[in-house]
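Let's walk through this model together, starting with its aromatic rings and then moving on to a pair of helices.

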Amino acid sequence: HTRYISVTGVQTCALPIWAPGMVLVAAGNLDHDAFVDLVRKEFASLTPTADASYETARYVGGEYRDDQELEQVHLVLGFPGVSFTDPDYYGSMVLATMLGGGMSSRLFQEIREQRGLAYSVSAFSAPYLDGGVFAVYAGTGEKETRDLVSVLFEQLRGVRDPAPENEVRRARTQMKAGLLMSLESTGARMEGLGSQLLIYGRPVPVDEIVRRIDAVTPKDVARAAQRIFGGRPTVAAMGPLGGLESYETLLTRLS
């Protein structure tokens, strides 16, 4: 009932224990055998139960607006994402990095650096077992909201076409750098091991993840964008919302 690996001198241990769906993970300066014995002792009383049934996630879109007298407008655009096991998983992650994953991303460069329309802008992909969410966040002033939304949707439309290879390569490199640097954190190691055991049933070697990232092509990213941004969006906004267009108008901007 144990899986054990050692990476760059830091011992990590992930134990699927007797309660279905429960994983206990440890990382750092530990004695593997002593840790396993301790887990067995403390959790021996757990009794396996049948897996609980659940309804598969359904993404429907919609909007929520909270008009308040704040200094900024906080805007999130959500779209139906992909699951951990979806063929477009790595393509969607590269898409998020390329679109809004840092200072070199399209949204940061176009919306903040070139036009000065946002204090903060970013994109992220949140996968789950039975689906996912892809989202874009922007924080801006009330007077800039309309122009920001126009440019934002222009970028979402444009990313549906295959990007230049060097842009995709830069996003892949950024992802790999983040992955490798995260190995310095025992917390990140534990979170990764636990998630991998629950999702894939095994620890996934770092070199395997790197190979999958390197395999993502511009066409893969464009396919993921066409799929994600072809869905009905979710709009969540808070702040002075006088400059934010109606939901129906925002829908037409994706066409």
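Rings of Phe, Tyr and Trp (its six-membered ring) count as a pair if their centres lie within 6.5 Å; planes under 30 degrees apart are called stacked, over 60 edge-to-face, and the rest tilted. By that rule, the structure holds 4 aromatic pairs. This is a predicted model, in which local features need pLDDT of at least 70 and side-chain atom pairs pLDDT 80 or more, while totals for chains, interfaces and linings use all residues. Residues are numbered from 1 along each chain as its sequence is written, and side-chain values use heavy atoms, with hydrogens and water left out.

Start at Y89. F84 and Y89 form a tilted pair, 5.8 Å centre to centre with 45° between the planes. Y89 also pairs with Y90, this time edge-to-face, at 4.8 Å centre to centre and 75° between the planes. Y89 is buried (under 20% relative accessible area; exposed is over 50%, partly exposed in between, with a 1.4 Å probe and protein chains only), its own value being 13%. Y90 is buried too. Elsewhere, F79, F134 and F229 make up one aromatic cluster.

Now turn to the helices. Helix α3 (residues 106-114) and helix α4 (residues 145-158) pack at an angle of about 155°, their axes 11 Å apart. From α3, the contact (heavy atoms within 4.5 Å) uses R106, L107, E110 and I111; from α4, L148, V151, L152, Q155 and G158.

Notes. Axes are lines fitted to C-alpha atoms, for helices over the stretch in contact, and angles run from 0 to 180 degrees between N-to-C directions. Helices (H or I, at least four residues) and strands (E, at least two) are DSSP runs, numbered from the N terminus.
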